[in-house]
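Open the model in a viewer and keep the selection tool at hand. The stops below go from a helix pair to a few ring contacts.

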Amino acid sequence: MNRPVDLLVIGGGTAGIVAAKTAATLGARVGLVEADRPGGDCLWRGCVPSKTLIEIASRTGAFLGDMRSGGPAVFDQVRAAIAAIAPIDSPEALAAAGVQVMSGHAEFVGPDVVAVGDSTIGFRRAVLATGSAPAIPDAVALGADALMTRGIDLMTTDTVWDRTDIPSTLVVLGGGAIGCELGQAFARLGTQVTLVEPRPQLLTGFDSRAAQLVTAALHADGVRVLTDHRVVGFDGDTPASPRLMLTSSQATTSLEARHVLVAAGRTPRTSGIGLDRAGIDCNAVGFVTVDATLRTTNPRVWAAGDLTGHPALTHVAGSHASTAATNAVLGLRRRAATLIPRVVFTDPEVAAVGECDVRARGGLRALTVPHHDVDRAVTAARTDGFSTIVVDRRHRIVGALVVGPRAGETIGELALAVSTRCTTADLAATMHPYPTYNDGPWNAAVADVRGRLSTPAVASALRAVVAIRARSGRRGR
């Protein structure tokens, strides 16, 4: 590229691809630089492989027990799903959308120039979307040689997909969404799983009721759950008996750790790309500093995706990338979306959006329907979950939490309700097909409306109207 591009996108994951396609649709001349392969973590190492494994485990392991002998077939299915989706994010698909794709490592050499190999590329505007990598706790960051010497197979949520077998035992470090999802999936495929979480409960950031239901489900699938346990290192006299050392508020213990999967969060990929030369600031842990419009401290550069410190979710990356690219190309000041639905794809699923804690501010109420009152859950014998909608003083829906099968599908309707400031009357007046799990939040809304109708003042007024109508009826009116 001899002349500066209108928009240069650095990184070809979800955020980069969406930003590039958005800008090209707006008529901009767009270049995208990717060091590895387009598609990013979601396609190759995140959402697609993990949800495929979860689906395989739910269809097979839960009914057939130990599936470890079928490991190659399991991971073949995972790779087949990736291969089926990959063409959507391929360089050819990007080229067809009007994006010029360049392969290589991009590094800023100035505020409006990057170097890719021996070439330099000038840009008028840019979107930085280099994503994140698995975080490795200091206590387990021993190095490959030390781990091999100790007989330890240390995997991350990136490298676990290189396997061809289902391990006989597995220690999962991290009780967040990914740790719980993969821990349950491997347990259903016959692995003896131990899940280690340093905090008092799994799924920190979600309601404790949801965490308790997921914990109970993990126990039922044979997962040993150790909350309030922190890794302090490895031990073992020989490679035949590697052990992981743990400490808790109660004691210090150890457990067999031949196969260890680290699911302890993500760290931004912001080092080694010359951000200082571009005048782009990062915070103390390396996340790029952005304002509400996703603009960095370099006025020519916006950022989107995991490297910004916003929730590391594919749908967040896509939404924010569209906003960043539109602002960059058209000179707008649109603010990035802050209403973010979240789903944990365990069984049961956990899904939340908006304000779920009634203690957050005054005037909030939680309306909960247990799933033993939801007919679809009764027919499926899955009544252990619940649906909660949170409303304000004006009966507007400001948040929701759903635990149960297909909670991730239900939360989409509730995200729309929150974003459009729907009231419980709006939701109650919307006809829902029967029977579905969506009846949970719908019934909560119906109950709220009926409760308003039964207040003394309203009930008295309604009785008066009914009485008037009755008298009119006797007169033939």
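This is a predicted model: local features need pLDDT of at least 70, side-chain atom pairs count only at pLDDT 80 or more; totals for chains, interfaces and linings use all residues.

Residues are numbered from 1 along each chain as its sequence is written, and side-chain values use heavy atoms, with hydrogens and water left out.

**Helix pair.** Select residues 14–25, helix 1, and residues 314–330, helix 10. Their axes are 8 Å apart and the packing angle is about 35° (axes are lines fitted to C-alpha atoms over the stretch in contact; angles run from 0 to 180 degrees between N-to-C directions). Helices here are DSSP runs of H or I with at least four residues, and strands are E runs of at least two, numbered from the N terminus. The crossing of helix 1 with helix 10 is right-handed (the near helix is turned clockwise from the far one by less than a right angle). Now show side chains: helix 1 makes the contact through residues including Val-18 and Thr-22, and helix 10 through residues including Gly-318 and Ala-325 (contact means heavy atoms within 4.5 Å).

Next select Phe-108 in strand 4 and Phe-123 in strand 6, 15 residues apart. Their rings are edge-to-face, 6.1 Å centre to centre with 80° between the planes (rings of Phe, Tyr and Trp, its six-membered ring, pair if their centres lie within 6.5 Å; edge-to-face means planes over 60 degrees apart). Both Phe-108 and Phe-123 are buried (under 20% relative accessible area, 1.4 Å probe, protein chains only).

**Charges over rings.** Finally, select Arg-37 and Trp-44: Arg-37 lies over the ring face, 3.8 Å from the ring centre. Arg-342 is placed over the face of Phe-206, at 4.3 Å from the ring centre (the criterion is NZ of Lys or CZ of Arg within 6 Å of the ring centre and within 35 degrees of the ring normal).

Key. Rings of Phe, Tyr and Trp (its six-membered ring) pair if their centres lie within 6.5 Å; planes under 30 degrees apart count as stacked, over 60 as edge-to-face and the rest as tilted. Buried means under 20% relative accessible area, exposed over 50%, partly exposed in between (1.4 Å probe, protein chains only).
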